[in-house]
Amino acid sequence: MLRHEFQPGKLVAGLFLIATGVVYAGDAGGLWETPWFAIVPLVVGGLCLAGAIAVVTRGIRRRGGTEGG
């Protein structure tokens, strides 16, 4: 039995923020050079994609008749 409901929007947001952290860590460790402005599209794009997925997920769950929460 699941203890909580699966929320794919939060999963996507977390993955994009982890990817951002990996890019910064690689830059700090000297593995590669990352310009400061390269992170903005990664974070903003990830948050926008996560929001869109959350809206779609909520619409699917409401249409299915199962209300969580």
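Of the 69 residues of this protein, 16% count as buried. The model is a predicted one. The protein has two helices and zero strands. Its radius of gyration is 16 Å, well over the 11 Å that the globule rule gives for 69 residues, so the protein is more spread out than a compact globule.

**Overall shape and surface**

- Taken along the principal axes, the C-alpha atoms fill a box of roughly 50 × 25 × 10 Å.
- The accessible surface comes to about 5,500 Å². Carbon and sulfur atoms account for 70% of that surface.
- The protein carries 6 positive and 4 negative charges.
- Take the contacts between residues at least 6 apart in sequence: 59% of them join residues at least 24 apart.

**Helix H1: Thr20 and Ala19**

- Helix H1 spans residues 8-28. Thr20 lies in this helix, and Ala19 lies in helix H1 too.
- Thr20 has a relative accessibility of 7%. Buried means under 20%, so Thr20 counts as buried.
- A polar atom of the Thr20 side chain lies 2.9 Å from the backbone oxygen of Phe16.
- Setting aside residues up to four places away in sequence, Thr20 touches Ile39, Leu42 and Val43.
- Ala19 has a relative accessible area of 32%. That value falls between the 20% and 50% cut-offs, so Ala19 is partly exposed.
- Ala19 and Ile39 are 20 residues apart along the chain. Their C-alpha atoms are separated by 9.7 Å.

**The loop between H1 and H2: Thr34 and Glu33**

- Thr34 lies in the loop between helix H1 (8-28) and helix H2 (39-64). Glu33 has its place in the loop between H1 and H2 as well.
- Thr34 is buried, because its relative accessibility is 14% and the buried class is under 20%.
- Glu33 counts as exposed, because its relative accessibility is 72% and exposed means over 50%.
- The side chains of Thr34 and Trp32 are joined by a polar contact of 3.1 Å.
- Leaving aside neighbours within four places in sequence, Thr34 is in contact with Val23, Asp27 and Ile39.

- Helix H2 covers residues 39-64.

**Helix H2: Cys48**

- Cys48 lies in helix H2.
- The relative accessible area of Cys48 is 52%. The exposed class is over 50%, so Cys48 is exposed.
- Cys48 and Phe6 are 42 residues apart in sequence. In space, these residues are 19 Å apart, C-alpha to C-alpha.

**Burial at a glance**

- Which residues count as buried, Thr20 at 7% relative accessibility and Thr34 at 14%, or Glu33 at 72%? Thr20 is buried, and so is Thr34, whereas Glu33 is exposed.

Note on methods: Residues numbered from 1 in each chain as written. Predicted model: local features only at pLDDT ≥ 70, side-chain atom pairs only at ≥ 80, totals over all residues. Heavy atoms only, no water. Helix = DSSP H or I, 4+ residues; strand = E, 2+ residues; numbered from the N terminus. Buried < 20%, exposed > 50% of the residue type's maximum accessible area, 1.4 Å probe, protein only. Polar contact = N/O pair within 3.5 Å; in protein donor to acceptor, adjacent residues only side chain to side chain. Contact = heavy atoms within 4.5 Å. Rg over C-alpha atoms; globule rule 2.2 N^0.38 Å. Areas by Shrake-Rupley, 256 points an atom, 1.4 Å probe, with all protein chains shown as cover. Lys, Arg positive; Asp, Glu negative; His and termini not counted. Charge placed at Lys NZ, Arg CZ, Asp CG, Glu CD.
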